[in-house]
Amino acid sequence: AIFAWCRKQNENIIFLQETYSTVNNAKLWKAEWGAPLEFAHGSSNSRGVAILFQKRFDCKIIKKSIGPNGRYISI
């Protein structure tokens, strides 16, 4: 449901916090979003951030830093 809502926002970049994402669900989430997506994983019940890019947004990530505890992503 969150990805459907994000698509409707018509924004090129969307920042999410408290995603509760893990390495195990990242592949599924990437498939559901269907566009570039960057994660900093927390656990299944805390932390986690993500940056979602729309398909139409043309960008190239030159450098990124992902926080080890799921607190930040710097791109």
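A residue is called buried when its relative accessible area is under 20%, exposed when that area is over 50%, and partly exposed in between, using a 1.4 Å probe and protein chains only. This is a predicted model, in which local features need pLDDT of at least 70 and side-chain atom pairs count only at pLDDT 80 or more, while totals for chains, interfaces and linings use all residues. Residues are numbered from 1 along each chain as its sequence is written, and side-chain values use heavy atoms, with hydrogens and water left out. Helices (H or I, at least four residues) and strands (E, at least two) are DSSP runs, numbered from the N terminus.

**Cysteines**

- With a disulfide defined as a pair of cysteine sulfur atoms within 2.5 Å, the count for this model comes to 0 disulfides.
- Cys6 is buried, because its relative accessible area is 0%, and its sulfur lies 16 Å from the closest cysteine sulfur, that of Cys59, which is too far for a bond.
- Cys59 is likewise in no disulfide, the nearest cysteine sulfur being that of Cys6, 16 Å away; Cys59 itself counts as partly exposed, at 39% relative accessibility.

**Salt bridge**

- A salt bridge is taken to be a side-chain nitrogen of Lys or Arg within 4 Å of a carboxyl oxygen of Asp or Glu, and a search of the whole structure finds 1 of them.
- The partners are the side chains of Glu38 and Lys64, which meet at 2.7 Å, N to O.
- This pair links distant parts of the chain, 26 residues apart, with Glu38 in strand β2 and Lys64 in the loop between β3 and β4 (65-66).
- Glu38 is buried at a relative accessible area of 15%, whereas Lys64, at 44% relative accessibility, counts as partly exposed.

**Aromatic rings**

- Rings of Phe, Tyr and Trp (its six-membered ring) pair if their centres lie within 6.5 Å, and planes under 30 degrees apart count as stacked, over 60 as edge-to-face and the rest as tilted; by this rule the count comes to 4 aromatic pairs.
- Among them is the pair of Phe3 and Trp33, whose ring centres are 5.5 Å apart and whose planes stand at 45 degrees, so the pair is tilted.
- That pair links distant parts of the chain, from Phe3 in helix α1 to Trp33 in helix α2, 30 residues apart; Phe3 is buried at 8% relative accessibility, and Trp33 is buried at 4%.
- Trp29 and Phe39 form another tilted pair, at 5.7 Å centre to centre and 50 degrees between the planes, which joins helix α2 to strand β2 across 10 residues.
- Trp29 is partly exposed, with a relative accessible area of 21%, while Phe39 is buried at 8%.
- Phe3, Trp29, Trp33 and Phe39 form one aromatic cluster.

**Loops and backbone angles**

- Asn10, in the loop between α1 (2-8) and β1 (13-17), has a positive phi of about 60 degrees although it is not a glycine, and Asn10 counts as exposed because its relative accessibility is 55%.
- Arg47 also has a positive phi, near 60 degrees, in a residue other than glycine; Arg47 is found in the loop between β2 (37-40) and β3 (49-53) and is partly exposed at 25%.
- Thr19, placed in the loop between β1 and α2 (23-33), counts as buried at 13% relative accessibility.
- Leaving aside neighbours within four places in sequence, Thr19 is in contact (heavy atoms within 4.5 Å) with Trp29, Arg47, Gly48, Val49 and Ala50.
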